[in-house]
Amino acid sequence: MIVAFSVAPSGGTSSDSVHDAVAAAVRIVRESGLPNRTSSMFTEIEGEWHEVMEVVRRATEAVGEHGTRVSLVLK
(Lines give C-alpha, C1' and ligand atoms only; values in the text may rest on other atoms or scores of the structure.)
Protein backbone atom coordinates (compact mmCIF):
# COMPACT_ATOMS: atom_id res chain seq x y z
CA MET A 1 0.00 0.00 0.00
CA ILE A 2 1.01 3.62 -0.41
CA VAL A 3 0.13 6.14 2.28
CA ALA A 4 0.58 9.90 2.04
CA PHE A 5 0.47 11.72 5.35
CA SER A 6 1.26 15.03 6.99
CA VAL A 7 1.57 15.57 10.69
CA ALA A 8 2.10 18.78 12.67
CA PRO A 9 1.98 19.85 16.32
CA SER A 10 -0.20 22.58 17.78
CA GLY A 11 -0.80 23.99 21.20
CA GLY A 12 2.85 24.05 22.22
CA THR A 13 4.77 26.80 23.93
CA SER A 14 6.38 29.65 22.03
CA SER A 15 9.75 27.88 22.33
CA ASP A 16 8.49 24.76 20.55
CA SER A 17 9.59 24.49 16.94
CA VAL A 18 7.37 23.00 14.23
CA HIS A 19 10.55 22.40 12.27
CA ASP A 20 11.96 20.18 15.03
CA ALA A 21 8.71 18.22 15.25
CA VAL A 22 8.51 17.62 11.50
CA ALA A 23 12.21 16.71 11.38
CA ALA A 24 11.59 14.07 14.07
CA ALA A 25 8.76 12.57 12.02
CA VAL A 26 10.78 12.54 8.80
CA ARG A 27 13.70 10.91 10.62
CA ILE A 28 11.41 8.06 11.73
CA VAL A 29 10.16 7.59 8.17
CA ARG A 30 13.66 7.50 6.71
CA GLU A 31 14.97 5.15 9.39
CA SER A 32 12.09 2.73 8.70
CA GLY A 33 13.81 1.51 5.54
CA LEU A 34 10.53 1.61 3.61
CA PRO A 35 10.46 3.36 0.24
CA ASN A 36 9.44 6.97 0.89
CA ARG A 37 9.31 10.45 -0.58
CA THR A 38 8.81 13.76 1.19
CA SER A 39 7.38 16.78 -0.61
CA SER A 40 6.21 20.17 0.62
CA MET A 41 2.75 18.81 1.49
CA PHE A 42 2.99 15.09 2.28
CA THR A 43 5.33 12.25 3.04
CA GLU A 44 4.58 9.09 1.08
CA ILE A 45 5.47 5.64 2.39
CA GLU A 46 5.14 2.32 0.59
CA GLY A 47 4.94 -1.08 2.26
CA GLU A 48 2.66 -3.61 3.87
CA TRP A 49 -0.30 -2.30 5.90
CA HIS A 50 1.21 -3.08 9.31
CA GLU A 51 4.61 -1.63 8.35
CA VAL A 52 3.22 1.63 7.00
CA MET A 53 0.76 2.20 9.84
CA GLU A 54 3.47 1.53 12.45
CA VAL A 55 5.65 4.24 10.89
CA VAL A 56 2.73 6.69 10.81
CA ARG A 57 1.97 5.90 14.47
CA ARG A 58 5.57 6.41 15.56
CA ALA A 59 5.91 9.65 13.56
CA THR A 60 2.67 10.99 15.04
CA GLU A 61 3.81 10.16 18.57
CA ALA A 62 7.16 11.89 17.93
CA VAL A 63 5.38 15.05 16.80
CA GLY A 64 3.10 14.84 19.84
CA GLU A 65 6.12 15.45 22.04
CA HIS A 66 6.29 19.00 20.60
CA GLY A 67 2.75 20.16 21.41
CA THR A 68 -0.44 19.38 23.26
CA ARG A 69 -2.28 18.39 20.07
CA VAL A 70 -1.34 16.74 16.79
CA SER A 71 -2.89 17.26 13.38
CA LEU A 72 -2.69 14.18 11.14
CA VAL A 73 -3.85 14.04 7.52
CA LEU A 74 -3.77 10.54 6.03
CA LYS A 75 -4.47 9.67 2.42
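## The crossing of α1 and α2

The crossing of helix α1 and helix α2 is right-handed. The structure described here is a predicted model. Helix α1 covers residues 18-31 and helix α2 covers residues 49-64. Their axes come within 8 Å of each other and cross at roughly 155°. Because this angle is over 145°, the cut-off for the term, α1 is described as roughly antiparallel to α2.

On the side of α1, the contact is made by Ala21, Ala24, Ala25, Ile28 and Val29. On the side of α2, the residues taking part are Val55, Arg58, Ala59, Ala62 and Val63. By class, the residues of this contact divide into nine nonpolar and one charged, with no polar residue.

## Helix α1 and its surroundings

Helix α1 has 14 residues. From its first C-alpha to its last, α1 reaches 20 Å, which is close to the 20 Å expected at 1.5 Å a residue. After the helix comes Gly33, whose phi is positive, near 85°.

The buried residues of α1 are Ala21, Ala24, Ala25, Val26, Ile28 and Val29. Among them, Ala21, Ala24, Ala25, Ile28 and Val29 also belong to the contact with α2. The buried residues of α1 pack against the strands β1 (2-10), β2 (36-38) and β3 (43-46), as well as against α2.

## Pro9 in strand β1

Pro9 lies in strand β1. Its relative accessible area is 13%. Since a residue counts as buried under 20%, Pro9 is classed as buried.

With neighbours within four places in sequence left aside, Pro9 is in contact with Val18, Ala21, Val63, His66, Gly67 and Arg69. Of these, Ala21 and Val63 also take part in the contact between α1 and α2.

## Thr60 in helix α2

Thr60 is found in helix α2. The relative accessibility of Thr60 is 18%. Thr60 therefore counts as buried, given the limit of under 20% for that class.

When residues up to four places away in sequence are not counted, Thr60 touches Val7, Val70 and Leu72.

Methods. Residues numbered from 1 in each chain as written. Predicted model: local features only at pLDDT ≥ 70, side-chain atom pairs only at ≥ 80, totals over all residues. Heavy atoms only, no water. Axes fitted to C-alpha atoms, helices over the stretch in contact; angles between N-to-C directions. Helix = DSSP H or I, 4+ residues; strand = E, 2+ residues; numbered from the N terminus. Parallel < 35°, antiparallel > 145°, perpendicular 65-115°, else oblique. Left-handed = near helix turned anticlockwise from the far one by under 90°. Contact = heavy atoms within 4.5 Å. Nonpolar A, V, L, I, M, F, W, Y, C, P; charged D, E, K, R; others polar. Expected span 1.5 Å × (residues − 1). Buried < 20%, exposed > 50% of the residue type's maximum accessible area, 1.4 Å probe, protein only.
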